[in-house]
Amino acid sequence: MSLKVNSNKDFESTLNELEKIVSNMESGNADLEALVQNYQVGIELLSNCRSKLSNAEINIKEINKKLENSTSISNDP
């Protein structure tokens, strides 16, 4: 059974959902089927978090590059 994870959620919501799943799995109260299902959803949420972090890192690098370029231009005599 495949569950669809909403990849449009913001990072914090996705991370919060992932933390709830991990907590539920660690509680030891779920049966095997629920554990497998939670694992699948957790992997998808983790992938979404990593993707959002990667995109944020790329954006930060681009901003820093633009800042460096504008600083070097304004420092030229």
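Analyst: A residue is called buried when its relative accessible area is under 20%, exposed when that area is over 50%, and partly exposed in between. The model is predicted, and E57 has a relative accessible area of 46%, so E57 is partly exposed. K61, with a relative accessible area of 52%, is exposed. The side chains of these two residues, E57 and K61, meet in a salt bridge, with 3.7 Å from N to O. Both residues belong to helix α2, where they are four residues apart, about one turn of the helix. Side chains of opposite charge can pair when their charged atoms come close.

A search of the whole structure finds two salt bridges.

Helix α1 covers residues 11-27. Within α1, T14, L18 and I21 are buried. Seen down the helix axis, the buried residues of α1 fall within an arc of 60°, so they line one face of the helix. The face turned away from this buried side carries the exposed residues E12, K20 and E26. After α1 comes G28, which has a positive phi, near 80°.

Helix α2 spans residues 32-75 and includes Y39. Y39 counts as exposed because its relative accessibility is 52%. Together with I43 and L46, Y39 makes a nonpolar surface patch of about 280 Å².

Terms used:
Residues numbered from 1 in each chain as written. Predicted model: local features only at pLDDT ≥ 70, side-chain atom pairs only at ≥ 80, totals over all residues. Heavy atoms only, no water. Helix = DSSP H or I, 4+ residues; strand = E, 2+ residues; numbered from the N terminus. Expected span 1.5 Å × (residues − 1). Buried < 20%, exposed > 50% of the residue type's maximum accessible area, 1.4 Å probe, protein only. Arc of directions from axis to C-beta. Patch = residues over 30% accessible without salt bridge, like charges linked within 9 Å, V, L, I, M, F, W, Y side chains within 5 Å. Areas by Shrake-Rupley, 256 points an atom, 1.4 Å probe, with all protein chains shown as cover. Salt bridge = Lys/Arg side-chain N within 4 Å of Asp/Glu carboxyl O.
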